[in-house]
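Hi,

Here is the model I promised to pass on.

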Amino acid sequence: MAPHLRSIRCSLMHRSDRRLSILMVAPAIVFILAVFILPMAVSLQQSLTNLNMTTGESAAKFIGLKNYVKALRDPETLNSIWVTVSYTAVTVSAELVLGTVVALVLDEVIGFQRLVRTTIILPMMTSSIVVGLIWRLLWNADYGVINAILQEVGLPRPFWLGPGLAFSSVCLTEIWQNTPFVVLLVLAGLSSLPEEPFEAAAVEGASYLQSLFYITLPLLAPVFLVILLFRTMFALRAIEAIWILTSGGPANETMVYGLHIYREAFAYFNTGYASALSWILLVMMAIFTFLYNRALQLGT
Amino acid sequence: MQSQVVRPFPKSAQLSRRPITIERLKKVSIRLLLWLIALMAILVSIIPFIWILLTSFKTPTDVFQYPPRWIFQPTLDNYRVIFFGKGMNFSLAFENSAVVTGASTAISVALGSLASYSLARLPLPGKRPFSYFVLFTRMLPTIALMIPLYILLTQARLFDTRLGLIIVYTAFNIPLVIWLLRGFFADFPLELEECAMIDGASRFGAFLRITLPATAPGLAAAAVFSAFWIWNDFILAFLFTQDKAVTLIVLASRFMEEEGVKWGQVGAASVIAVLPIFLFSILIQGYLTHGLLAGSIKG
């Protein structure tokens, strides 16, 4: 079609397209309104009250920002923030390093490609609850496989989910489950790298490590960015495996922020306070989403 | 998948004709080391699964043996108990999981693809803020909305019903679908749609007959990811069900609340919860990588 004809047609089409565009998003918007916007509004309102489920809604009073002020001083909240941040930092960085190494190795290893890859990603396909169940059995101090192996080689048999060790055990479980995500994305990134720089480097006589650090890894930067942001966001909200493994204990050592909110809401019935904690999380996630979008736009 | 990049370590075919030198020995040992690391990675990935599979066939006495036994007299009792035992409703839970996963996936992929097309292709007013909001809801931790959702569902008499779960899962999943499909729709050549429209199809007709079938791989990837996520999810199903609409994962989690965990039954429940996902993963293999990458990077 000639260009001028197309532009005339486009302007004629434009109005009906606009209506169609709204009609097409409408059903999705209805769901989002009902399940996200409405609850978020209710939650915001409740966060400004001292609502407690045991005393009921009639006893609730408007207390302004007191819940938010309390959150910033509450040692349990501050502890849960610290646990969440360190949990995220430890697991995401370990997953990134370990996953990249495994991906680089798998990229070199020939044969059984599909079988190997399918096997490797199984942990990440598994429900976090099942991961928690499996690892609770493996970590068990009395009849767990891990301690049996340790004893076999003459090492002590620690109480893995007990004081002092619970945090690292929980982190290791998370790393086991989610390193495959990094492997998968790095492998895909590796297979889409351009060939020319490597050919040039080979001609120049560059060693493997040289081409790895000066070509491969820099070229993979956008992939690393995606992995970093994705994993961070999901580690920040991870609660399910921890729920099964330790329920936040011992002595709040593994009490991540999500579990803390759950406990305030459904064990202590502090609905107002829990809503304020939820809104703090929502705002942090909104900031994170914004940064994520920015980073993606810069990356591509 | 495999690119033709110059390999830092020559493959065995290239190695075979050269005489044995220190150089060659070094390369062979590096190859060996790589294989060893790969093997380790595979073992670490699958041994926990093998262990829970073995446990699911153990009697209580075998479970508590120390040192743990790899060889024992297998029994199907645990599976029998969780499916037909008294007070156990794994059959119902399996049915609930299947129905809720199927329905939520179908509805959210249908509605999500409409919205995604509108976002990628049509002059939707307020496009930018809306796409931000979609991404935001995608990132939203479930836990942040649980209290008001719990209250709303109870008031709407949807607590502990499949319908309630389907509505919640559909809503939580629509943003994922929109996000995964946007890249596919944006990449589809506009000319093909215009051809159909010149032939008399409406814009929506062109979308239904031309664009949608052409993006089938994207739709399939979105459906698979959605189904996996819904099947595996715990928090929403845990909070919004009690007996009637309880899902497999929720029921499995309840073993931990009891005194003296029945590990054999935990094993059987885990195997049943994981098996459909694994079989499906094996069926679609490398396909998953493409969908995931296309969705997460194209954004």
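Between chain A and chain B the count is 1 salt bridge (a side-chain nitrogen of Lys or Arg within 4 Å of a carboxyl oxygen of Asp or Glu). D17(A) makes a salt bridge with R203(B), and their closest N and O atoms are 3.0 Å apart.

Before the rest, some housekeeping. This is a predicted model, where local features need pLDDT of at least 70 and side-chain atom pairs count only at pLDDT 80 or more, while totals for chains, interfaces and linings use all residues. Side-chain values use heavy atoms, leaving out hydrogens and water, residues are numbered from 1 along each chain as its sequence is written, and chains are lettered from A and ligands numbered from 1 in the order in which they are written.

Back to the two chains: chain A puts 109 residues into the contact and chain B 104 residues, with contact meaning heavy atoms within 4.5 Å. They bury about 9900 Å² between them, 77% of it on carbon and sulfur atoms; buried area is the accessible area (1.4 Å probe) that two parts lose on being put together, summed over both. M24(A), F36(A) and Y143(A) supply 8% of the area that chain A buries against chain B, more than any other three residues.

Inside chain B, I also looked at a helix pair. S131(B), V134(B), L135(B), T137(B) and R138(B) in α6(B) meet P175(B), L176(B), I178(B), W179(B) and R182(B) in α8(B) (helices are DSSP runs of H or I, at least four residues, numbered from the N terminus).

Cheers

Notes
Helices (H or I, at least four residues) and strands (E, at least two) are DSSP runs, numbered from the N terminus.
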